[in-house]
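Dear colleague,

Please find below the structure that I am handing over to you. My findings follow it.

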Amino acid sequence: MTEYTDEEIEAARVLFARPATFVMGAAKIEQLPEPDLPEIAFAGRSNVGKSSLINGLVGMHKLARASNEPGRTREVNFFDLDAKLRLVDLPGYGWAKASKSTVRQFQNLGRDYLRGRVTLKRVYLLIDARHGLKSVDTEALDALDLAAVSYQIVLTKADKIKAHERDTVQAATLKAISKRPAAFPAVAVTSAEKGLGLPELRAEIMRTTGAEL
């Protein structure tokens, strides 16, 4: 497990308590904002809890909007954290209702962002702790490895399972990514609903981006 000092945890808490605002949603690669701030991106299957995690990190209920319709997020959405860093919500994957051409369109947008974004420091790939890595996640892992973008697995909804089950899925996930070239060798365990793991994830993001107060 990655260790953080009390000072890092507190500094990250203060950073993420700063004003956070929605900047824009980009449907095309030409629409992306200028790469003038460090960025971290969140990816994951539709309905894995990306919006809830982003909201939990910044302590706001409605910054990132969750949708009842899986696959609704078809743009790359940018959020500014007090002009210190940007949080980026990538289009989800694994939908059943969208057409293949539509799916391809926003998958390609996500891939273009991953390949060409010089300010992107890390991608946090969200996985539902109740289910662990699924075959549908393999394509995302492969795309991240191919783009050579550092990524870290974040288990979500960990409050829905028992502590020993969390330990089991965390260990299994770490083993599954151990030989992947771009994977960061640690698996975060979180619950946006209960706040579990959020202080540590904030500290990890602060450390990764070099963002300062």
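This is a predicted model, in which local features need pLDDT of at least 70 and side-chain atom pairs count only at pLDDT 80 or more, while totals for chains, interfaces and linings use all residues. Residues are numbered from 1 along each chain as its sequence is written, and side-chain values use heavy atoms, with hydrogens and water left out.

**The sheet**

In β3, Phe-79 is the bridge partner of Phe-22. The strands concerned, β1 (residues 20–26) and β3, pair in the antiparallel sense over six bridges. Here two strands count as paired if DSSP finds at least two bridges between them; helices (H or I, at least four residues) and strands (E, at least two) are DSSP runs, numbered from the N terminus. Phe-79 also has a bridge partner in β4, namely Leu-87. Strand β4 (residues 85–89) is antiparallel to β3, with five bridges between them. Three residues lie between the strands of this β3 and β4 hairpin, in which Asp-82 takes a positive phi near 50°.

Strand β3 (residues 76–81) has six of its six residues buried, so it is largely enclosed by the rest of the structure. Buried means under 20% relative accessible area, exposed means over 50%, and partly exposed is in between (1.4 Å probe, protein chains only). Both faces of β3 are covered, with Val-76, Phe-78 and Asp-80 buried on one side and Asn-77, Phe-79 and Leu-81 buried on the other.

These strands belong to an open sheet of seven strands with mixed pairing, in the order β1-β3-β4-β2-β5-β6-β7. Because β1 and β7 (183–189) stand at the edges with a single partner strand each, one side of each is left without a neighbour in the sheet. On average, neighbouring strands of this sheet are turned by 25° against each other, direction ignored. Parallel pairing is found between β2 and β5, which are joined by six bridges. Ala-43 stands opposite Leu-125 in β5.

Helix α6 lies across β2, β4, β5, β6 (151–156) and β7, and runs at about 155° to β5. Axes are lines fitted to C-alpha atoms, for helices over the stretch in contact, and angles run from 0 to 180 degrees between N-to-C directions. Contact means heavy atoms within 4.5 Å.

Met-206 is placed in α6 (residues 198–209). Is this residue, Met-206, buried or exposed? With a relative accessible area of 14%, Met-206 is buried. Not counting residues up to four places away in sequence, Met-206 touches Ala-11, Ala-12, Leu-15, Ala-211, Glu-212 and Leu-213. The C-alpha atoms of Met-206 and Leu-85 are separated by 9.2 Å, although these residues are 121 residues apart along the chain.

For helix α4 (residues 135–147), 13 residues at 1.5 Å a residue should span 18 Å, and the end C-alpha atoms are 19 Å apart, which agrees. The expected span is 1.5 Å times one less than the number of residues. Buried residues of α4 include Asp-137, Ala-140, Leu-141, Ala-143, Leu-144, Asp-145 and Ala-147. Just after α4, Ala-148 takes a positive phi of about 60°.

**Salt bridges**

How many salt bridges does a search of the whole structure find? The search finds 15, a salt bridge being a side-chain nitrogen of Lys or Arg within 4 Å of a carboxyl oxygen of Asp or Glu.

One of them joins Glu-8 and Arg-207, with the closest N and O atoms 2.9 Å apart. Glu-8 lies in helix α1 (residues 6–16) and Arg-207 in helix α6, so the pair ties together parts that are 199 residues apart in sequence. Glu-8 counts as partly exposed at 25% relative accessibility, and Arg-207 is also partly exposed, at 39%.

A further salt bridge is formed by the side chains of Arg-86 and Asp-36 (2.6 Å, N to O). Arg-86 lies in strand β4 and Asp-36 in the loop between β1 and β2 (39–44), so this pair ties together parts 50 residues apart in sequence. Arg-86 counts as buried at 7% relative accessibility, whereas Asp-36 is exposed at 54%.

Glu-39 forms a salt bridge with Arg-117, the closest N and O atoms being 2.8 Å apart. The pair links distant parts of the chain, 78 residues apart: Glu-39 is in strand β2, and Arg-117 is in the loop between α3 (100–116) and β5 (120–128). Both Glu-39 and Arg-117 are buried. Salt bridges that share partners join Asp-36, Glu-39, Arg-86 and Arg-117 into one network.

Yours sincerely
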